[in-house]
Structure formats: structure tokens, C-alpha cells
Amino acid sequence: MVLCMSRSWSSIDDFEAFLNNGGIVESDDSMPDEYRLAVFRFIELHANSEQMGGLTERDWIPRTPGLRHKMAVIAKTQDEFGHAHLLYMVAADMRIKTRREMVEDLYAGKSRFHNVFHYRAKTWGHQVAIAFLVDAAALASQQAVFKNCSYGPYRRILKRIISEEGFHMRLGEDRMMRIAQGTEMQREMFQQAIDDWWWPALQLFGPDSKPNDMLLRWHIKSERNEVLRDRWVQKFVPMLQSYGFTIPDPGLRFDDDEDRWVAGPIDWAPLKKTFANVGPDSARRISEASAHWEESAWVRQALAANKTVNELVQA
Amino acid sequence: MNEISIAARDVILAFVDDEHLMGQQHTEWIGVAPFLEEDLAFASIGQDELGHAAMLLEALVGTDDADIDALAFYREASQWRSCALVEVTLPEWSDTLLRHWLYDAAEELRWQLFQGSSVQLLADISVRALSEERFHRQHGDALLDVLLRVDDAHDRIMASLHKVLPLALTMFDGAPSEADALVEGVISGSLISLLGDWQQRVDHRFGPVDWDQIVRPVLSQRKERHDDFAPLLARMLEVLDLDRTVTW
């Protein structure tokens, strides 16, 4: 028999010393309220983003060109909803909101999700760009969290998520290469997708981290936003250019002395709009999700009367 | 690979098209099902049904994706052999759940027709498909076990049953060369021969149905399409039709 003991710390200094020594916090620990809330908000944002990302991708599943191609895209989208499923459970374990409360807040426009999912995938090229550029950006962020994350349940879930996101990125890369080697029509479609998604994907990393960023201090994140963003730029600028595509950044230049790409000035106004849920497609995305949720309420109400299934749906 | 006769091709295509369109219809519910576990279930079941279609198509044209897609997508409407149940658009969740249950109850019986097929590949495919179908049926039954016990949900489900049943009967319409395929040993029975077993399953699940009151569909040996087929196919072809010669 294993006896699990809840741990507690006498002060925030003791707690931070524990974190700085590589300590891992578990859900039944008496963690400081500030830490619990910060971790919860971070995971809720991640869960909401997986959910809304799945909704963005689902729009194109029925139109996917090819039978087995469609199966691969379904599997990818299933993974995204699966990630949301896992993350909502980890977040719910923190006893701040239930899964239902998180989903209902999301569909009421009361909580946040990543900026990229406030945009609409308008063409198949957009769908590929999401799998290629956006998933790579998300993966880079997740890897940086996984590397040194102090909250154990999140770190363990991230291991699986990162593994699956790696497949998604490779699927996107494979599809991008097919298009790059295709006809002028295909290349124009993907160039337009790069033009439309480059900046939102780059902004996914967020503005430069503040000196007192508590997510870094408490080892929830391990790398600064600007470091992750720059790493993404160094990878994707030469890769896209090697396939003959252009980057929609008039300020982009190569610094010979530093041997690296330097992005032009970033307009953060579009990102801030998505923080307020007023991005280009926010209203439609949220209202449609909310309408579907309302229409199917009778199913959840019926299941709630059943004890065994109830636990699953309510958690 | 066994040589596929015209009759075998005919009955295989009838199953291919049903599986393909059933999988396609399931994909429309991914992300908008009543709760997350259902999003995942419909994604999984949809993949399985599309996978069954792909395996059957391999028996006809081999493993190349371009050949599979050419046969799966690029036929005139009159050349499709799907039934109305999988062609119709059902925007209500209760109708969709009923279609899922009714289709899978018949699908299991349909795969059993291939178990001793003279085309060995079909017999092999049926083993895998039947193992997956067991889970599909469990999924539908688990939901119905709960929903049928709650008054409001029960009423919705039963209304959907009577709405979908006439469409479901089109599943038992045989392809034009079905009789020849039976003689050749490709299948061990006709689709209509499954109707009695399937009706018993329906009666057992939902209570006795007055089958005489269910409107019988006009059968066309699967040569005619439901009105919803054209927009459904157009949606499936939206990207492919940008240029049918390219690879995506």
C-alpha cells in the first residue's frame, strides 16, 4: 500500500526554493494559491486552444482531398480534441472550475484561447498552413514548457501531447512539400496561406516576456517568448524560401555578422484583439460552438441522470 | 489478388459507397457532438468506416491512392451504389445517433456475408471489420441504454427512429448484379435476406415496431440518389475539383 501525503510549504520563499531545486508539485499538494491559479489559467488556455483548434480544423475535414488523406486529417483532429480532453481533466483536478464550467465559459466568450484560432481557415492552403506553421509554433511552446515544468500532472500529459504534435507537424510538412512541388495553382494557394498565417503564427509566441514573468519564475515555462519566437523564425524562413515561397515581412533581413534572420517590427494590435475575443473570426467561432452546445443540452441532461456516465460528463 | 468479376465489383461497390458516405457523415459531427467523448467517438468511428471503404477499394484497384480516389470520388451520380440512409443530411443529433445504430446493426450482418467469400481478400477484410464493428455497436448501445430511460430523451429517440426507419430500409436494396455474386460465392446471401434479423434487432432495442406502418422506400437496385447526394458530393469534391490531376 502506498500512502500519499499532501505537502505544504511554510512560505512562498520555501515554495520557490523547492521549485528552484527541481521540485515537482502534485495536484493534492497544498500549493500557494497564486501558483495554483497561474498554473490553472495556463492549462485552461491550453485546453481551450486545443478545443478551438479542433473546431478550426474540423471545418475542412469533409472537404479533405482524398479518402486516406481524410483519415489522416481526422486522426489529427481527433488528437487535438483528445488533448483538450486530457488538459481539461488536469485543469479540473486543480478544483478551481469543473470541465463543464470551463467549456461553458469558453462558449460564452468569457475565457481565452490562442490567437490563431480567432482566424478562419478559408482555403485548403490555410488548412495545410495551420498544420505546418501553427502546429510547429505550438509544439515549440509546449516543448519549452515540458522541459522544466514544475506542475507534475501537466508535465506528464505534455509528454504525450508533444509526441502526437510531432506527427501533426510532419503531416503538415509532407502536405506542404506536395503543394510546393505541385502546380502554379497549388503554389499560389499556399503562398496566400503563408501571407495570411505568417503573422498570426509568429504572434502565437506572444510579446517579449516581462522581467518578472511569474510563469518563468515558477518553472511553468522554461524559455522566454522572444527566444522561442526567434527559434521559429530561424527555422521557417529558410525552409519556406528553399521551396520558393516568400515571407510577408518587409522588414525581414539576414544579419551576416550574426548569421541569423532578423524579423521586422511586429504589430501586436491583432494579438491584443484576440485577447478580448474580437479577432477576425472570434464572433462566428464562439457563437457557432455555443449554438451547437445549446442544441445538444438535452443529451447531457439525460446523461446527467445516470450515475456512471454522469461522472464522465460532469467532471 | 483474386480476379474480381463484374458481379463481385457491383456488390463491393455497394458496400464501399455506404461505408464511404457513412464515414463522411460522421465527420460532420466531430467537434460539435454533445460532449468531448462523443467528438472523439465519432472521429474514431468515422475513420473506421472510411478505412473499411479504403480496404474494399484496394480489393478493386490496388493500393495506389490516386486509383483509390478515382474510383471513390469520380463517378457520375448514377454510377454510385450508396443507399439513401447514408446520403441524407441529418442535422439533428438524435437522428444521427439513430442512423449510427441502425446502420451498424445492419453493417455487422453485411460483413458476415463476406466471411466465407470466394474472394479471399473480402473474407480477410471482414475479420478486421467485424472486430471494429463490435465497438461501434457498443458505443451506440451505451448511449441508448441511458437516453431511452429518460422521458424527454426517449421521446426524441423514438421520433427519430420512426423518421429514419424508412431510409434505413434502403440499406437492404441489392446492387444490380447481386444475384450473380451470390451464385459466384462472393457473398453468402442477399441484402434483403438480412432484413428479418435486422428487424429483430430493432424490435429488441426499441420495442416492437409496427413494420406494416413503416413507409417502404421505392427500391432502384441502388441506381437512384437521394436529393441530398448532390450537395454532399459537391462538398467532398470541393478541393479535388480544383484540379483532378494534382496530388494534395
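Is the crossing in which α3(A) passes α6(A) left-handed or right-handed? In this predicted model, α3(A) passes α6(A) in a left-handed crossing. Helix α3 of chain A covers residues 67–92 and helix α6 of chain A covers residues 152–180, and their axes come within 10 Å while crossing at roughly 165 degrees. Because angles over 145 degrees count as roughly antiparallel, α3(A) is roughly antiparallel to α6(A).

On the side of α3(A), the contact includes Ala72(A), Lys76(A), Asp79(A) and His83(A), whereas α6(A) contributes, among others, Pro153(A), Tyr154(A), Ile157(A) and Glu164(A). The residues of this contact between α3(A) and α6(A) divide into nine nonpolar, two polar and three charged.

A second pair lies in chain B, where helix α1 (residues 6–27) packs with helix α2 (residues 36–61). The two pairs are set out here.

| Helix pair | Angle | Axes |
|---|---|---|
| α3(A) and α6(A) | roughly 165 degrees | within 10 Å |
| α1(B) and α2(B) | about 155 degrees | 8 Å apart |

The angle of about 155 degrees between the helices of chain B makes α1(B) roughly antiparallel to α2(B), and the crossing of α1(B) and α2(B) is left-handed. Among the residues that make this contact are Arg9(B), Ile12(B), Phe15(B) and Gly23(B) of α1(B), together with Phe42(B), Ile45(B), Glu49(B) and Leu60(B) of α2(B).

Key:
Residues are numbered from 1 along each chain as its sequence is written. Chains are lettered from A and ligands numbered from 1 in the order in which they are written. This is a predicted model: local features need pLDDT of at least 70, side-chain atom pairs count only at pLDDT 80 or more; totals for chains, interfaces and linings use all residues. Axes are lines fitted to C-alpha atoms, for helices over the stretch in contact, and angles run from 0 to 180 degrees between N-to-C directions. Helices (H or I, at least four residues) and strands (E, at least two) are DSSP runs, numbered from the N terminus. Angles under 35 degrees count as roughly parallel, over 145 as roughly antiparallel, 65 to 115 as roughly perpendicular and the rest as oblique. A crossing is left-handed if the near helix is turned anticlockwise from the far one by less than a right angle, and right-handed if clockwise. Two residues are in contact if their C-beta atoms, placed from the backbone, lie within 7 Å. Ala, Val, Leu, Ile, Met, Phe, Trp, Tyr, Cys and Pro count as nonpolar, Asp, Glu, Lys and Arg as charged, and the others, Gly among them, as polar.
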